[in-house]
Amino acid sequence: MGSGGDVSFAKQAAIQLVAGGSAGCIEVSIMHPLDLVKTRFQIQDNKSHQGTTHYNGLRDCFVKMYRSEGVLSFWKGVLPPILVETPKRAWKFFTFEQFQKLFLFGADKPSALTYSLAGLGSGVTEAIIVNPFEVVKVKMQSNQAHQSKAPTTGSVVREIIKTDGIFGSSGLLGKGITATMGRNGFFNMIYFGFYHSVKNFFPKADDSRLEFVRKVLIGFTAGVLGCCINIPFDVAKSRIQGPQRQGVKLYRGTAFTILRIYREEGLKSLYRGLLPKILRLGPGGAIMLIIYEQMSEYLTTKFL
């Protein structure tokens, strides 16, 4: 029979996993259209190509997609992130809590460095889980056919496995994985590091409404800063995992892809899709942290 400490750890882990999973599922369901638009911007280069639609701005992308692909097209590729966001966010928050213990460095309570390193660790490890779903999602989001004619998630998975295989740097599991690690690792490092450090610096408000606003503003800012830091990795990931012209693999490794985009298209291209990314992960980051904290507090009160 397990000890009381083992039972307590198991309950805490379960609470962290359930709270994190719930937060992720709700956030992705609300914010997915902006993630899709971000991907469309990131996979296009500076030139228009025959047979593809070129987008000149956020509004232009929304209007063209609505007219040519239908309203449901804004949720293209939503199934893979919904399937993965629950375990991904659950893992994200659970590993963040565990990494904090590793990076205390003998201190009694976490520091800004503790939060940042714990976030980096959680981001890198969650990338391993999420990467195959990202490969499928990007391929579905890059498809410009009307939603009624777009391939299903299952058919896209089978096509990827048939064409590129499962393993290796081009396979379902490994395609763009270092870029995904860089994207998630740096985002979580800034996101958790900023949120918890700033939240602890400013005192908790007595008024519940002011406290809610305080958390929303800090969470929003944390999400925006994370987006600004990690977007070159996100662009590289989209290029590696997305369609490549004329069947030629122009984009391979993460560093090579970032350098190639910079040399051929300029620094600005490494920040493609930043606006929809901020519009998604700014409020999305606030939504996720608040839901996680509320769920965690409720479950802790109920079961511990």
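Colleague: Are glutamate 27 and arginine 89 buried or exposed?

Modeller: Buried means under 20% relative accessible area, exposed over 50%, and partly exposed in between, with a 1.4 Å probe and protein chains only. Both glutamate 27 and arginine 89 are buried. This is a predicted model, in which local features need pLDDT of at least 70 and side-chain atom pairs count only at pLDDT 80 or more, while totals for chains, interfaces and linings use all residues. Residues are numbered from 1 along each chain as its sequence is written, and side-chain values use heavy atoms, leaving out hydrogens and water.

Colleague: What do the side chains of glutamate 27 and arginine 89 form?

Modeller: A salt bridge is a side-chain nitrogen of Lys or Arg within 4 Å of a carboxyl oxygen of Asp or Glu. Glutamate 27 and arginine 89 form such a bridge, at 3.6 Å from N to O. Glutamate 27 belongs to helix α1 (residues 4–43) and arginine 89 to helix α3, so the pair ties together parts 62 residues apart in sequence. Helices here are DSSP runs of H or I with at least four residues, numbered from the N terminus.

Colleague: How is a pair of aromatic rings described?

Modeller: The description uses the distance of the centres and the angle of the planes. Rings of Phe, Tyr and Trp (its six-membered ring) pair if their centres lie within 6.5 Å; planes under 30 degrees apart count as stacked, over 60 as edge-to-face and the rest as tilted. The structure holds 12 aromatic pairs. Phenylalanine 96 and phenylalanine 192 are stacked, with 4.0 Å centre to centre and 10° between the planes. Phenylalanine 96 is buried at 1% relative accessibility, and phenylalanine 192 is buried at 0%.

How values were computed
Helices (H or I, at least four residues) and strands (E, at least two) are DSSP runs, numbered from the N terminus.
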